[in-house]
Amino acid sequence: MSEGKKGISKTMFIIGLIVAILASSLISVMASMQWALIKGPKGDKGDKGDTGVTGSQGPQGLQGIQGIQGEKGDPGSETVFAHWDVNWRTITGDLQWGAVVGTSQFSSTFWHNWFGGVVFSGYDDYIGFDATMQINMQRDGPVTFKVGGDDNFWLYLDGAQPAIISGSVNLGISKTIYLSRGMHTLTLWWRELTVSAQVLFDCDSDVLHWNP
């Protein structure tokens with residue numbers, strides 16, 4: 001083959017190769033454009049979905065077993081309250097004690113006023129009582145007693161003579177006595193002869209109740 005013809009063939013080959021590359025690029029660009037037309041424009045980004053609802057709280061656990069209850073303590077000692085044990089008696093014509101006609105109790109302090117009426121068991125005159133009461137001194141020291149009555153009254157301490165308080169038709173004689181710690185016995189006599197009838201007793205309250 002001649003030199004001229006060989007040069008032309010080489011040039012034609014190069015030109016064909018370039019044309020083929022350009023054609024391939026053109027085809028690729030056209031294909032991309034066509035795909036974009038088919039696919040359509042990209043849509044807007046959707047809103048973020050709502051957060052899911054929190055689930056309900058589970059049931060509360062069972063309560064633990066209660067501990068064993070402790071033993072009950074020993075009961076405290078009961079308070080003792082002083083009171084009068086009363087023997088009701090008639091009064092004789094010579095103003096002495098007569099027969100016992102009944103018994104009763106008085107509270108530790110009292111004021112009874114029967115005026116001119118019945119005092120006890122149908123008796124309104126010539127009636128009286130002898131009564132005793134135990135008191136408990138929690139200390140060594142003075143105690144003030146007060147007694148009154150109509151007609152006559154006497155207050156004795158621990159059976160000793162004479163009476164620490166005595167009087168007639170008087171509604172308030174007081175006397176302070178020094179007592180030692182411990183139990184003491186009070187004895188009260190009262191007599192009603194005629195007309196009005198009343199009697200009272202009072203003293204410091206701390207000797208009238210205690211715990212044994």
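1. Which backbone nitrogen does the side chain of Asp-151 reach at 3.4 Å? In this predicted model, the side chain of Asp-151 reaches the backbone nitrogen of Thr-194 at that distance, 3.4 Å. A polar atom of the Asp-151 side chain also lies 2.7 Å from the backbone nitrogen of Leu-193.

2. Asp-151 sits in strand β6, which spans residues 141-157. Asp-151 is buried but forms no salt bridge. The nearest side chain of opposite charge belongs to Arg-191, 9.9 Å away. A salt bridge requires the charged atoms to be within 4 Å, so Arg-191 does not qualify as a partner at 9.9 Å.

3. Beyond four places in sequence, the contacts of Asp-151 include Gly-167, Ser-168 and Val-169, and also the run Trp-190, Arg-191, Glu-192, Leu-193 and Thr-194.

4. The largest nonpolar core holds 35 residues. Trp-84, Trp-88, Phe-129, Phe-145, Leu-155, Leu-186 and Phe-201 have the most contacts inside this core. Strands β2, β4, β5, β6, β7, β8 and β9 each supply at least two of its residues.

5. Phe-129 can be examined on its own. With residues up to four places away left out, Phe-129 touches Val-86, Asn-87, Trp-88, Arg-89, Trp-97, Phe-106, Leu-188, Trp-189, Trp-190 and Val-199.

6. Of the 212 residues, 28% are buried. Among contacts with a separation of 6 or more, 73% join residues 24 or more positions apart. The accessible surface is about 15000 Å², and carbon and sulfur atoms account for 57% of that area.

Note on methods
Residues numbered from 1 in each chain as written. Predicted model: local features only at pLDDT ≥ 70, side-chain atom pairs only at ≥ 80, totals over all residues. Heavy atoms only, no water. Helix = DSSP H or I, 4+ residues; strand = E, 2+ residues; numbered from the N terminus. Buried < 20%, exposed > 50% of the residue type's maximum accessible area, 1.4 Å probe, protein only. Lys, Arg positive; Asp, Glu negative; His and termini not counted. Polar contact = N/O pair within 3.5 Å; in protein donor to acceptor, adjacent residues only side chain to side chain. Contact = heavy atoms within 4.5 Å. Core = buried A, V, L, I, M, F, W, Y, C linked by side-chain atoms within 4.5 Å. Areas by Shrake-Rupley, 256 points an atom, 1.4 Å probe, with all protein chains shown as cover.
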